[in-house]
Amino acid sequence: MSNKNTGRTPRTAGVTLLAVATLALGVTMTGCTAKADTGSAADQSGDKPSVLLVHGAFADGSSWSKVVERLQGDGYQVTVAAVPLRGLAYDSAYIRGVLDGMPGKTIMVGHSYGGAVITNAATGSDKAAGLVYIAAFAPDEGETLGGLDGRFGGPATVIGVPREYPLPDGAGVAPELTVATDKFPEYFAQDLPHEEATALAAGQRPIAAAAFAEPTGVPAWRTLPSWTLITRDDRMIPAAGQREMAGRAEATVVEQSASHAVTLSQPQAVTDLIETAAQAAKP
């Protein structure tokens with residue numbers, strides 16, 4: 001299955017720092033790479049691709065826990081990647097390294113900001129068999145996530161908390177972003193139990209603001225088949241924006257009534273779409 005794209009949306013230029021901050025809040029990411037074996041070799045169907053799960057900003061690999069359990073139960077080999085959250089180019093290169101180490105053909109799945117990461121990381125890879133976007137950004141070449149978020153409408157002015165972190169070379173500091181903990185349940189995870197949402201808010205990982213000002217390279221969805229789960233009740237990346245990006249990527253689309261935290265609130269719907277993509281990608 002291939003994607004042939006026509007009539008792309010004009011690219012957005014001139015992103016302000018506010019737009020960068022705005023977008024940062026439309027994303028979800030995780031913080032530690034964990035490769036999970038799915039059982040014995042006998043349980044692994046040789047014709048099943050592996051699955052690489054890439055989280056977004058303000059979360060970590062545990063945001064995939066309920067999906068991993070289901071995929072493993074169905075015999076898939078799953079890797080949950082840890083995204084550094086220090087910049088789109090850096091993060092994409094890191095995830096490309098994880099992809100290169102995967103055992104054979106791989107379905108790449110990105111949630112929120114993780115969608116932008118897989119869009120770049122999979123380009124030109126012979127390991128990537130397909131892309132699955134879960135309430136995610138799917139930028140086109142030259143676009144920035146800050147520009148997209150500004151166009152779609154984001155909640156940064158209400159929920160964004162900027163702070164500074166020291167650069168590793170000791171050359172100074174740079175801004176990073178978190179979601180205000182008192183706003184997180186309402187905007188990020190309104191369909192989760194309040195106790196679960198507040199725990200997620202407490203454990204969120206910040207993302208460098210620079211990640212949202214970097215232009216995307218050639219998107220992998222131009223040559224790879226893609227699938228998108230659109231979250232109708234999303235208050236981070238509005239559903240209309242998700243639909244626009246899915247349309248130009250010619251993705252197979254499923255819609256779900258869910259918040260941005262759909263991997264935790266509706267894990268079966270997420271799992272079903274990933275397995276649909278995996279079935280289509282069989283040799």
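The structure is a predicted model, in which local features need pLDDT of at least 70 and side-chain atom pairs count only at pLDDT 80 or more, while totals for chains, interfaces and linings use all residues. Residues are numbered from 1 along each chain as its sequence is written, and side-chain values use heavy atoms, with hydrogens and water left out. Helices (H or I, at least four residues) and strands (E, at least two) are DSSP runs, numbered from the N terminus.

Strand 9 (residues 226-231) pairs with strand 10 (residues 252-256) in the parallel sense over five bridges; two strands are said to pair if DSSP finds at least two bridges between them. Strand 5 (residues 128-134) also pairs with strand 9 in the parallel sense, here over four bridges. One of the residues involved is Leu131, whose bridge partner in strand 9 is Ser226. Strand 9 is mostly covered, with six of its six residues buried, where buried means under 20% relative accessible area, exposed over 50%, and partly exposed in between (1.4 Å probe, protein chains only). Ser226, Thr228 and Ile230 point one way from the strand, Trp227, Leu229 and Thr231 point the other way, and all are buried.

Within strand 10 lies Glu255, which counts as partly exposed because its relative accessibility is 27%. Although 25 residues separate Glu255 from Ile230 in sequence, their C-alpha atoms are 4.7 Å apart in space. Leaving aside residues up to four places away in sequence, Glu255 touches Ile230, Arg232 and Arg243, a contact being defined by heavy atoms within 4.5 Å.

A further set of strands forms an open sheet of three, in the order 6-7-8, with antiparallel pairing. Strand 6 (160-166) and strand 8 (207-208) stand at the edges and have a single partner strand each, so one side of each is left without a neighbour in the sheet. Strand 6 and strand 7 (residues 173-179) run antiparallel and are joined by seven bridges. Arg163 stands opposite Glu176 in strand 7.

Turning to the helices, the axes of helix 3 (residues 88-100) and helix 4 (residues 113-121) come within 8 Å and cross at roughly 65°. The axes are lines fitted to C-alpha atoms, for helices over the stretch in contact, and angles run from 0 to 180 degrees between N-to-C directions. Helix 3 and helix 4 are therefore roughly perpendicular to each other; angles under 35 degrees count as roughly parallel, over 145 as roughly antiparallel, 65 to 115 as roughly perpendicular and the rest as oblique. Helix 3 contributes Leu88, Asp91, Ser92, Ile95, Arg96 and Leu99 to the contact, and helix 4 contributes Tyr113, Ala116, Val117, Asn120 and Ala121. These residues divide into seven nonpolar, two polar and two charged, with Ala, Val, Leu, Ile, Met, Phe, Trp, Tyr, Cys and Pro taken as nonpolar, Asp, Glu, Lys and Arg as charged, and the others, Gly among them, as polar.

Two loop residues complete the picture. Most residues other than glycine have a negative phi. Leu85, which is not a glycine, has a positive phi of about 65°; its place is in the loop between strand 3 (78-81) and helix 3, and Leu85 is buried, at a relative accessible area of 0%. Ser112 likewise has a positive phi, near 60°. Ser112 lies in the loop between strand 4 (106-111) and helix 4 and is buried, with a relative accessible area of 0%.
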